[in-house]
Amino acid sequence: MAVQQSPAFDEAAASAARSVPLTARFKAAYGAGAMADGIVAAGFGFFLLFYLTAVCGMSGTMAGMAKLIALLIDAVADPAIGLASDRLRSRFGRRLPFMIGGLLPFACAFGLLFSVPASLTGAAQFIYVTVCLIVLRLSLSFFVLPFTAAGAEVTDDYRERASIVSYRLSFQNAGILLGVVLGLGVFMAGADGMLSRGNYVPFAWTCAAAMLVAGMIAIRAVRSALPRLHGPEEGGGMFFSGFGREMIELSRNRSFLILFGTVLTYFLAYSAHVSLALHASRYFWGLDTGAIQLILLSTTLGPLLGAPISAFALRHIEKRTLSITAFLAIALFLMWPPLLQLYGPFSLTPATATAVLFVNGLLVGTSIMIGGIGFQSMLADTADEHEWLFGVRREGLFFSGLTLAFKAASGLGGLIAGIALDVIRFPTDLASRAPDVPIPQEVLEKLALISGPLPAIFAMVSPLFLIGYHLTRKRHAQIIADLEQRNANRSGAAT
């Protein structure tokens, strides 16, 4: 049975509260929650495949399969979690109970994931990793989906939504930065630090503690914003009643489908690239741990440039145009360095390659931030369009749909990366073999192609979806005005 919200929800009062500008202090406290997601992204994106294959000895295919199974289970569960957070009635609102319940499990699961017992091999090792991944992914969704949806609810202003997304993505990148620094700069520093199994355990649990702190700050911020948030629609009933109808309505929203397709294709490519970043940096480019850390950090520093650029650009151009440009730039930046090294008139030395890849990483990070701000604020605008079309607000369901596409694509991209490592016969015994045993040159050349140019080709497809997106600034303003008039009419009829 649904728990009745107490006290009775007043949509008119919430609408009035949302018209008050948000403070920078609130945006920073709210955005802190994305640090937890960023730390997980660093662990999953940069370290996990390398840890499982080069350190723990799993085959690339089995490591990729474990990631895919967990992500697909989570992706299927995401719409239900999102809808539940849309329809929950409690005295703490719709979002907070899920955030509170998910925080501790996903932090603990992260610690356990990078603490695989050395005694486990074969099927037992695969089961352990898969279970940790499933728990981590499901509990992370319980936190992140309501957290992201709350950010879309706290204001109706077109430009301020972009500002909230900017704060959230900035803190997410700060989390990625923290994960990289703790990994390569602290616990895995040194010539063979990345190959030492014992280094990953303190790294993981330190990250878990940081996640808990960041998550608790965000929970407090969302609680302070409860008077601004929307309530569940009247007569919502049980959490999952009408679930099929909700999904049909979602599939009828053209703007959402366009954004869904964009995410699906982009993250399929980008997750394959990121999963192989450590392999390519260490063995194709021949870089040491310090240089690899510098290059990975450049991608997280790029958003410091991307945030002000996007804020300026959005005053003059549409979000769609900005995102298309950014996504195409990302594809270009992923592609050209390996091609230059393989087929250019000269080869880069490790020192020169570090400088080139650092600058390129800054440009990648800048483009990711610009595209992400435009894209995620478009999704918040699409949630308004959905209410205008169907009469209900579904931020949780919307962002769960976005997350479904991201996770399904990331899982498949990780599996493709793992299979590709096996196809090119990349060794899985690097932690136990002698350090002077070389990897064949033809294997390294294939590693360069599967980690850069190949994902970039697929990444070029993603912005093509956005050509069909037509929810402009002017159109959104009309929708908001119509929704305000509807609410005013309802309030008048109720009195």
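The paragraphs below treat the nonpolar cores and then the salt bridges.

This is a predicted model, in which local features need pLDDT of at least 70, side-chain atom pairs count only at pLDDT 80 or more, and totals for chains, interfaces and linings use all residues. Residues are numbered from 1 along each chain as its sequence is written, and side-chain values use heavy atoms, with hydrogens and water left out.

A nonpolar core here is a set of buried Ala, Val, Leu, Ile, Met, Phe, Trp, Tyr and Cys residues joined through side-chain atoms within 4.5 Å; buried means under 20% relative accessible area (1.4 Å probe, protein chains only). The largest such core has 118 residues, and Phe 46, Phe 143 and Met 211 are among those with the most contacts inside it. Helix α3 (residues 33–55) gives the most to this core, 15 residues; helices are DSSP runs of H or I, at least four residues, numbered from the N terminus. Another core, of eleven residues including Val 165 and Ile 370, lies apart from it.

Three salt bridges are counted, each a side-chain nitrogen of Lys or Arg within 4 Å of a carboxyl oxygen of Asp or Glu. In one, Lys 27 pairs with Glu 160 at 3.6 Å between the closest N and O atoms. That pair links helix α2 (residues 24–31) to helix α7 (residues 158–187), 133 residues apart, and both partners are buried.

Lys 319 and Asp 381 form another, with closest N and O atoms 2.6 Å apart. Because Lys 319 lies in helix α13 and Asp 381 in helix α14, the pair ties together parts that are 62 residues apart in sequence. Lys 319 counts as buried at 3% relative accessibility, and Asp 381 is buried at 0% relative accessible area.

Technical notes: Buried means under 20% relative accessible area, exposed over 50%, partly exposed in between (1.4 Å probe, protein chains only). Helices (H or I, at least four residues) and strands (E, at least two) are DSSP runs, numbered from the N terminus.
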